Amino acid sequence: MKFFERIIDPYTPANGPPPQTLWAYGRWATRGAEGAIIALGLTSVVLGIIEAAAAFVVAWVVDLAVKGGSDGFFADNMWPLIAAAAFFLLARPVFMSINGAITSRGIGTSLYPMGVLRIHRHILGQPLRYFEDDFAGRLTQKEIQSTYALVEIITETLHAVVFGIATVIGTLILFQGVDLSLAAVIVIWFAAYIWLIWYFLPKIRQKSRKRADGKSLISGQLVDSVGHMSTVKLFAHAGREHKAAEDAVRTYRKAAFAFGRTTWLFRTWLTFLSGLLPVVLIGLTLVLWTQGHATAGTIALAGLVSTRLSQMTGWISFTALNIFANFGVLEDGIRTLAPPIGLTDAPDAADPPLLRGRVAFEGVSFRYGRDIGGIREIDLTV
């Protein structure tokens, strides 16, 4: 079944030159793939709701077991247990399979080639001075880096961030029906989580842009040295070329250190926040249970949801970190790759008239001043 492999045609040409703003560039590079992107977003929402419902199903089964006891449990609860099994064995795997097929067989295999071909076609239209003013290796690296960053932004946002938000909303709906205090804990925790992302990720985005520029500078220096080795051997000096490569590495490491410090601090705070949720949520559920306001299933629900959200926090935060880092990479690439064509036709330029060129050689001889060899009386018309 190759349906998912045909939902995007990577060879569709772009509609005009690339814009120089982030959102508009993303629309330009992905035009024609909107259906696949929307489908990925919708299936991620459904999966997020299913993930929250999974904890509810487990809690529901626990409550059935506690209320009914062991005698005749399976006979009395056959259909509820079959429904729970069908949820885990049919509904959840089907939607996960569809979501995975769109990601890995559709978007993952076609969106990157589409973006690379479109920006490369634009680059080929630039005048010679554009290439003379930059490293060939640096330009190539930015083509690859920026397109890969765009694909990562789209897939990770829809696959992880949308999934996570849908899971939190589904959890809120479940807890609102159990106890409002439990829902309030989720709201406060999620607000703190969003604030942490809002505070750190713009800084990460800015530092990522500088790191990407430093990485492409290394590629440009190395590729151009090797690619022009005959010139280097004739006119340059290996020591100076190595010194230039060292300078490029130093520039990159300085930017990478700044990026690493910020991401380390962000992940440290996030680890503390993710550990806080199970402690507060399970603790509050136990208090409600001792007061008779919660069941054993509610305790199981709180445990499953809190640990799942805690684990998901690390995964989604790492994904969000990569997304904002890729924003910096993409912005850096747009600045280099998407300027308008520097040499264009005048507004009133017309197509040149059709000319019939003709070159004729008649009776050409050349014998090196000897009687033998060479050519004699050659006629040639081009």
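Which residue just after H1 takes a positive phi? Gly32 does, with a phi of about 105°. This is a predicted model, in which local features need pLDDT of at least 70, side-chain atom pairs count only at pLDDT 80 or more, and totals for chains, interfaces and linings use all residues. Residues are numbered from 1 along each chain as its sequence is written, and side-chain values use heavy atoms, with hydrogens and water left out. Helices (H or I, at least four residues) and strands (E, at least two) are DSSP runs, numbered from the N terminus.

- In H1, the residues Tyr25, Gly26, Trp28, Ala29 and Thr30 are buried; buried means under 20% relative accessible area, exposed means over 50%, and partly exposed lies in between (1.4 Å probe, protein chains only).
- Glu34 has its place in helix H2 and is partly exposed, at 31% relative accessibility.
- Between Glu34 and Ile7 there are 27 residues of separation in sequence and 9.8 Å in space, C-alpha to C-alpha.

**Pockets**

- A pocket is found on a 1 Å grid over the protein atoms alone, as an open set of points where a 1.4 Å probe fits, with protein on both sides within 12 Å along at least five of seven lines; lining residues have an atom within 4 Å of a point.
- Grid points are joined across faces, edges and corners, and a volume is the space filled by probe spheres set on the points.
- The largest pocket holds about 390 Å³ of space.
- Its lining has 15 residues, and Trp23, Gly26, Thr30, Ile37 and Ile154 lie nearest the centre.
- Helix H1 (22-30), helix H2 (34-68), helix H6 (136-178) and H10 each give two or more residues to the lining of the largest pocket.
- By class, that lining has 10 nonpolar, three polar and two charged residues; Ala, Val, Leu, Ile, Met, Phe, Trp, Tyr, Cys and Pro count as nonpolar, Asp, Glu, Lys and Arg as charged, and the others, Gly among them, as polar.
- The second largest pocket has a volume of about 270 Å³.
- It is lined by 18 residues, of which Val161, Tyr193, Ile194, Ile197 and Ile316 are the closest to its centre.
- H6, helix H7 (180-227) and H10 each give two or more residues to the lining of the second largest pocket.
- That lining divides into 16 nonpolar residues, two polar and no charged.

**Salt bridges**

- The whole structure has seven salt bridges, each being a side-chain nitrogen of Lys or Arg within 4 Å of a carboxyl oxygen of Asp or Glu.
- One of them joins Glu51 and Arg92, with the closest N and O atoms 3.3 Å apart.
- This pair links distant parts of the chain, with Glu51 in helix H2 and Arg92 in helix H4 (residues 78-124), 41 residues apart.
- Glu51 is buried at 14% relative accessibility, whereas Arg92 is partly exposed at 24%.
- Lys142 and Asp332 form another salt bridge, with the closest N and O atoms 2.1 Å apart.
- This pair also links distant parts of the chain, Lys142 in helix H6 and Asp332 in helix H10, 190 residues apart.
- Both Lys142 and Asp332 are buried.
- Glu246 and Arg250 meet through their side chains in a salt bridge (3.8 Å, N to O).
- Glu246 and Arg250 are separated by about one helical turn because they are four residues apart in helix H9 (residues 238-290).
- Salt bridges that share partners join Lys243, Glu246, Asp247 and Arg250 into one network.

**A residue of helix H10**

- Ala320 lies in helix H10 and is buried, at 7% relative accessibility.
- Ala320 and Thr157 are 163 residues apart in sequence, yet 7.7 Å apart in space, C-alpha to C-alpha.

**Surface patch**

- Val359, Phe361, Val364, Phe366, Tyr368, Ile375, Ile378, Leu380 and Val382 form a nonpolar patch on the surface, with about 840 Å² of accessible area together.
- Strand E1 (360-366) and strand E2 (375-381) each give two or more residues to the nonpolar patch.
- Patches are made of residues with over 30% relative accessible area and no salt bridge, with like charges joined within 9 Å and nonpolar side chains (Val, Leu, Ile, Met, Phe, Trp, Tyr) within 5 Å.
- Accessible areas come from the Shrake-Rupley method with a 1.4 Å probe, and for residues only the protein chains shown count as cover.
- Val359 is in the loop between helix H10 (296-337) and E1, and is partly exposed with a relative accessible area of 44%.
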